Amino acid sequence: MATAAILAATSSSKGNPYLFPIIIVALFGLLYFVMIRPQRNRQRQAQQMQNQVMPGQRVRTTAGMYATVVSIDGDDVVLEIAPGVNVTYMRRAIMSVVPDDTGDTIHTDGQMPDDTVHSDGQVDGTGPGRGKTGTPADATEDGTATT
């Protein structure tokens, strides 16, 4: 009886010899569909966007600089980062095309929409002016903030 129990214990501990390779293949398949495939799709989309960039478009570089495309010459792109300041970048350095309808947050007079203008012409920049809605909750009646 004792030998039968020992044989039963050793045979059950072996398990299926194909289980470990199946688990490894399943984990690599999961890794592919969760990480590798989406990354390849993002790279393909970025390359397609970089190939479709045209002069006059507003772009953002991988360094975070916003510029306007002036001209394209093969793998090089000439970007205007300020009026009259042109720099040459590799086409791969373009991260995204900035949409034209971003909505200007600066008025034509150079002020932010909620800046307070004092009688001497100085811009306060603290938020909505007196008489406008949206004053801070901790503001006093005269418009100054409490701390």
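Predicted model: local features only at pLDDT ≥ 70, side-chain atom pairs only at ≥ 80, totals over all residues.

Analyst: Residues are numbered from 1 along each chain as its sequence is written, and side-chain values use heavy atoms, with hydrogens and water left out.

User: How do you know that the length of helix 2 agrees with its number of residues?

Analyst: The expected span is 1.5 Å times one less than the number of residues. Helix 2 (residues 19-51) has 33 residues and should therefore span 48 Å; its end C-alpha atoms lie 47 Å apart, which agrees.

User: Why is Thr 61 called buried?

Analyst: Buried means under 20% relative accessible area, exposed over 50%, and partly exposed in between (1.4 Å probe, protein chains only). Thr 61 has 1%, so Thr 61 is buried. Thr 61 is placed in strand 1 (residues 58-61).

User: Why is Met 65 called partly exposed?

Analyst: Met 65 has a relative accessibility of 26% and therefore counts as partly exposed. Met 65 is in the loop between strand 1 and strand 2.

User: What makes up the largest nonpolar core?

Analyst: A nonpolar core is a set of buried Ala, Val, Leu, Ile, Met, Phe, Trp, Tyr and Cys residues joined through side-chain atoms within 4.5 Å. The largest has eight residues: Met 49, Val 53, Val 59, Ala 67, Val 69, Val 77, Leu 79 and Ile 94. Strand 2 (66-73) and strand 3 (76-82) each supply at least two residues of this core. Helices (H or I, at least four residues) and strands (E, at least two) are DSSP runs, numbered from the N terminus.
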